[in-house]
Amino acid sequence: MSTAREQWLRAIGKPSCDYTPDPMTLITRYDFPDFDAELYSQPNGPGTAQRLMMVFPKRIAAPCPAVAVPFYFPEAMLGFEPDTGEMLPMYAGIEMMLHLVRRGYVCASADSYHLTYYESTRERGEFARWREAAAALRQDHPGWSGVGKLIADTQLVIDALCADERVDAESIGIAGHSLGGKMAFYTGCVDERVKVILSSDFGMGWDQTNWRDKWYWGSQVDELIADGMDHSGLLGASGGKPMALLAGEADDDSSFEMMRRAPGYTPGDGKFLFINHATGHRPPAWALREGYDFLDRWLK
């Protein structure tokens, strides 16, 4: 293990207790015109579970490449409520799981820990849930960052993909937007099973986005900066993994300069795709298509 990787894993931290997840259980199946879906309850800690949704292209004849798609909750990455068909306009255009299953990938997405770690009566979209969950996590696990919890739960999604016989476990990527982009970047950098990363506007620089919020790093950011750590180092610790970054608001051309400083890459190796659409936080369809083409290049 490289020194840089060890340094990042120490900073990310560990939970205060060991935990071996129980098997996930099937809740229901869905049959849609162009894909199938399965919803599971996946234990992700003592007494907690995340809802995990897996989607499959129709008529799978052989194990398929797969993409983990972390985000707030899985329905957002479909763009609709599968039980009722109600559309979710807030996520229109960024429903990556729907886009990718239509391109022939098995995909999986799960609830993030603001919905699973701390029991709350608040609506799932209320940001107060993040503050409450982050405070409870830090109290229970003072040596574990919020980023660490996000990584751990996303790795459970990858576990589910690898365990499914319909998935080619040697061809797994990860993709995410905003919060999902952060989760995709971190998990993709530390999990060797992930072959390629696609992140959209997550903020490579410490001051480009809300890394200091307690559900990510909190005040620990200042310690990372004092130790000379930035995300070019984390990307380098991935071992030269291919990465696409769609910049638009939080990310800009300085994000690409940070990518280019990552050790382990050489000019012209084709392992970076950088698109600065500069149209705001939400990526346009053409930028997403180029990101998906990048996934195809490394997974198909």
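Which residue lies over the face of F73? In this predicted model, that residue is R124, placed 3.7 Å from the ring centre.

## Charges and rings

The arrangement of R124 over F73 has a counterpart elsewhere in the chain. K300 lies over the face of Y105, at 4.5 Å from the ring centre.

Nine strands build an open sheet of mixed pairing, and their order across it is 1-2-3-5-4-6-7-8-9. The edges are taken by strand 1 (25-31) and strand 9 (272-276). Each of these has a single partner strand, so one side of strand 1 and one side of strand 9 are left without a neighbour in the sheet. On average, neighbouring strands are turned by 20° against each other, direction ignored.

Strand 1 and strand 2 (residues 35-45) run in the antiparallel sense and share six bridges; in one of them, L26 is partnered by Y40 of strand 2. A hairpin of three residues connects strand 1 to strand 2. Strand 4 (residues 64-68) and strand 6 (residues 167-177), by contrast, pair in the parallel sense over four bridges, and A68 has I174 of strand 6 as its bridge partner.

## A helix across the sheet

Helix 9 (residues 285-299) lies across strand 4, strand 6, strand 7 (194-200), strand 8 (243-247) and strand 9. Relative to strand 7, helix 9 runs at about 175°.

## Two packed helices

Two packed helices are described by the angle between their axes and the distance between the axes. For helix 4 (residues 146-163) and helix 5 (residues 179-190), the axes come within 9 Å and cross at roughly 75°. Angles of 65 to 115 degrees count as roughly perpendicular, and helix 4 and helix 5 are therefore roughly perpendicular to each other.

Which residues make this contact? Helix 4 contributes V147, L150, I151, T154, Q155 and I158, while helix 5 contributes L179, M183, Y186, T187 and V190. Sorted by class, the contact of helix 4 with helix 5 holds eight nonpolar and three polar residues, with no charged residues.

Definitions and conventions. Residues numbered from 1 in each chain as written. Predicted model: local features only at pLDDT ≥ 70, side-chain atom pairs only at ≥ 80, totals over all residues. Heavy atoms only, no water. Axes fitted to C-alpha atoms, helices over the stretch in contact; angles between N-to-C directions. Helix = DSSP H or I, 4+ residues; strand = E, 2+ residues; numbered from the N terminus. Parallel < 35°, antiparallel > 145°, perpendicular 65-115°, else oblique. Contact = heavy atoms within 4.5 Å. Nonpolar A, V, L, I, M, F, W, Y, C, P; charged D, E, K, R; others polar. Lys NZ or Arg CZ within 6 Å of the ring centre and 35° of its normal. Pairing = 2+ DSSP bridges.
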